[in-house]
Amino acid sequence: MRGLWGRVWQRRTPLVVLMAVVGIAGTVLATRDSGGGHLAANQAQLRKACDGTLPYGDLERLVRGERPGKLREHGTMLAPGQESRSLLDCSLSWGDGYGVTVHAEALVSDVPQAVETRDLLEPAGGHGTFVAPGTTGQYGKRGAWLVTDCLGGLGGRVRPTTDLYVTARVTDGADGTDGTDGTDGVDEADETDAADDADEATSRSGKPDRATALLGFRTAVQVANVLTKAQHCGSGPLTMPRTVVDTDETHGAPGRALRKCEWIDGSSLPGIASGTWTTLGDLQESTGLSACAGEWDTEKNAGRRPRPKQWQVTEVEAASWSGVLGRSAYDSYEREGHVPGWGAQEGEGPSEAGSEADSDADADRGVLRQGDRVSSYAGRPQLALWARSVCGGRSTYHRVAVLPEIQLGDGETAVISGKDRTRLSATALTVLDRYLDAEDGWPASADCRDTKVLGEVEQWH
């Protein structure tokens, strides 16, 4: 009998081994199909996370199932009455660098992003970033950010506000982070430090690819639309972005020769150097802000036009900011001492730095004010002119600037005469008028009215 059973076992052994291999393979395939056993649960979690604000259709492909999703969330949308400056602060990660972080708050102070003229025209210090045309915002160190209105007022803060600020950062495993920025689940006092740490981590990872940037903007817009609807803001939803634009000039010239900046023309704008000018405009296509700049084109004018004379205007800037963006821009310039009246002596108005006759007389006598000297070490010497209007029903600041040709060697100092100073002042006012009246310009499209000139700012240092 023992021999019989031995022969029977030998005959069955290959079959048993085969069944075992098939069973193991089936288990492996089943595990892969189920995403490691947590995929279904993580997908269900994505649908409900962050108060149901996340765009499931866009983010579904990022969900991993090797481990349970890690969710951290707080904010007054989740727990009314909670003491938090955030309407929503939420992060969801699935490990291996896959995750999403969103933040939304009702602004009672300035926008926590740089919005001066050069920040709009040359984001990220000239290295470029992404914008989503039609969305007021950029892709920054903490992901895509945007600002939108809530005309009916946002709840959850002691002070009433109508301005919503949203950020969204999506990671797809490429940057080695866990998808969070460190701001969730921390005390309010720690949020700034955590944000700084996140900025450093993102800076090391570099600018995201186009698809990741678009996903960040789509997530931010979806969060904003869900929140404004829940808050009964009374305004329609933001348009969901379908594309993003890389503002980096090395990828072409996306901001060159925009129609809204065509008013900067060396052949028709009085006071600036004649010849060919190159223009640059921001690409946000926003109803809340806009910026244009123009520069006398040295290369195109070579051999055709003489080099501009000293103090002749060779660069022009113009920008507008509405609502909270206007307040934020003005406050930013004010911190630098670059707003009308800053530093003026008692009794001296923002535009009363001296009459033309007084300036000429001082120059003839060799008497020079501090503002009349320009050092070769000055960054971008310019004369700015500020104004305020009502555009689209919102208080709006306008700032134009004229930058003169100044030829100096290292350590040298240029002296501006009263006549040259007067000419710059007249040119600045002409630039402001042309900007506000340009048929295809932003102020015309925003129906700006009731404009009041606030004064000049000499930025010679």
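I count a residue as buried under 20% relative accessible area, as exposed over 50%, and as partly exposed in between (1.4 Å probe, protein chains only). I am reading a predicted model, in which local features need pLDDT of at least 70, side-chain atom pairs count only at pLDDT 80 or more, and totals for chains, interfaces and linings use all residues. Residues are numbered from 1 along each chain as its sequence is written, and side-chain values use heavy atoms, with hydrogens and water left out.

**Entry 1. The chain overall**

I looked up the secondary structure, taking helices (H or I, at least four residues) and strands (E, at least two) as DSSP runs numbered from the N terminus. The chain has 11 helices and 16 strands. Of its 461 residues, 46% are buried.

I then turned to contacts, meaning heavy atoms within 4.5 Å. Among those between residues at least 6 apart in sequence, 71% join residues at least 24 apart.

For the surface I used accessible areas from the Shrake-Rupley method with a 1.4 Å probe; for residues, only the protein chains shown count as cover. The chain exposes about 22,800 Å², and 50% of this is supplied by carbon and sulfur atoms.

**Entry 2. Disulfides**

How many disulfides does the structure hold? I found 4, a disulfide being a pair of cysteine sulfur atoms within 2.5 Å. With the bonded cysteines of the chain numbered in sequence order, the pairing reads 1-2, 3-4, 5-6, 7-8.

I examined C150 and C233, whose sulfur atoms are 1.9 Å apart. This pair links distant parts of the chain, with C150 in strand β6 (residues 143-154) and C233 in the loop between α6 (210-230) and β8 (245-246), 83 residues apart. The torsion about the S-S bond of C150 and C233 is about -95°, so I record this disulfide as left-handed. Both C150 and C233 are buried.

I next took C261 and C292, with sulfur atoms 2.0 Å apart. C261 lies in the loop between β8 and β9 and C292 in strand β10, so the pair ties together parts that are 31 residues apart in sequence. The S-S torsion of C261 and C292 is about -80°, so this disulfide is left-handed. C261 is buried at a relative accessible area of 0%, and C292 counts as buried at 2%.

I also looked up C391 and C448, where the sulfur atoms are 2.0 Å apart. C391 belongs to strand β13 (residues 382-391) and C448 to the loop between α11 (442-445) and β16 (449-459), so the pair ties together parts that are 57 residues apart in sequence. With 115° about the S-S bond, the link of C391 and C448 is right-handed. C391 has 2% relative accessibility and therefore counts as buried.

Why is strand β9 described as largely enclosed by the rest of the structure? I noted that 4 of the 5 residues of β9 (residues 277-281) are buried, so the description holds. Strands pair if DSSP finds at least two bridges between them. I found 5 bridges joining β9 to β10 (residues 289-296), and the two strands run antiparallel. W277 has W296 in β10 as its bridge partner.

**Entry 3. Helix α10**

I checked the span of helix α10 (residues 418-437). The expected span of a helix is 1.5 Å times one less than its number of residues. The 20 residues of α10 should therefore span 28 Å, and the end C-alpha atoms are 29 Å apart, which agrees. The buried residues of α10 include D420, R421, L424, V431 and Y435.
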